[in-house]
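Q: Please show me how individual features of a model are read, taking the general idea before the case at hand.

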Amino acid sequence: MAGSGYKRALVKISGEALAGSADFGFDPKVVRAIAQDLVAAARAGIEIAVVVGGGNIFRGKQIAGIGLSRVDADAIGRLATVMNAITLAGQIQALGHPAVALSAEPVPEALDTYTARHALGHLAAGRIVVLGGGIGVPLLTTDTTATMRAVELNCDVVLKGTNVDGIYSADPKTHPDAERFDALTADEAIARDLKVMDTAAFALARENRLPIIVFSLDAPNAVTSVLTGTGRFTLVTS
């Protein structure tokens, strides 16, 4: 992929993105479009790892009224990400590109357990690696998981897919006058308390000099456009 400078990228995709406009589950057209975009990037020469969230199946706000502890709720959330990983990897394979789903949450009947060594082997073999199960423990978000996996897998960049075309000073959908940033440092993102990723994710990226690109998954060929530098995004550096 000419001009990108990236050989290996970690793409963070929220569970909500897989649901499209629905409140729950999967939108087949959206899942297919995301998979096609990931395949296009991989076929252009970038090794692609993906961390998926679980918000299309279970959200933290659902804890209220159920009586779940945070630890139990996070366990349900990790299982939701496993379902999403299997779904996305399956769609990628259906498009004719090799992919594998791995999970930090052991579910041996459904998919292999994640280790960095196994994931690196799959990436080197040209497979898109879709990672579910968070990091297998509670109290950490999938944003932090994405940054941790990117460091473990020696990725050159983290791509954080959202529903807006970068980082704003406030939600542009409710604040039309919000300022959009073309570039920020991780320290600036933390100091401004920008909510696009949690503080732990930004801090881990800063410590490992790992750039984060925040972009809209709704744009056509979003991942490939960002990786070629032609898309619209915000770059967060250390």
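A: In this predicted model, the charged end of R149 sits over the ring of Y114, 3.9 Å from its centre; a charge sits over a ring if NZ of Lys or CZ of Arg is within 6 Å of the ring centre and within 35 degrees of the ring normal. Local features need pLDDT of at least 70, side-chain atom pairs count only at pLDDT 80 or more, and totals for chains, interfaces and linings use all residues. Numbering runs from 1 along each chain as its sequence is written, and side-chain values use heavy atoms, leaving out hydrogens and water.

Q: How many residues does helix α2 have, and what span does it reach?

A: Helices are DSSP runs of H or I with at least four residues, and strands are runs of E with at least two, numbered from the N terminus. The expected span of a helix is 1.5 Å times one less than its number of residues. Helix α2 (residues 28–43) has 16 residues and reaches 22 Å from first C-alpha to last, close to the 22 Å expected. After α2 comes G45, with a positive phi near 110 degrees.

Q: Which residues of α2 are buried?

A: Buried means under 20% relative accessible area, exposed over 50%, and partly exposed in between (1.4 Å probe, protein chains only). In α2, the buried residues are V31, I34, A35, D37, L38, V39, A41 and A42.

Q: Is E207 buried or exposed?

A: E207, in helix α7 (residues 199–207), is exposed because its relative accessible area is 56%. The C-alpha atoms of E207 and T145 are separated by 15 Å, at 62 residues apart along the chain.
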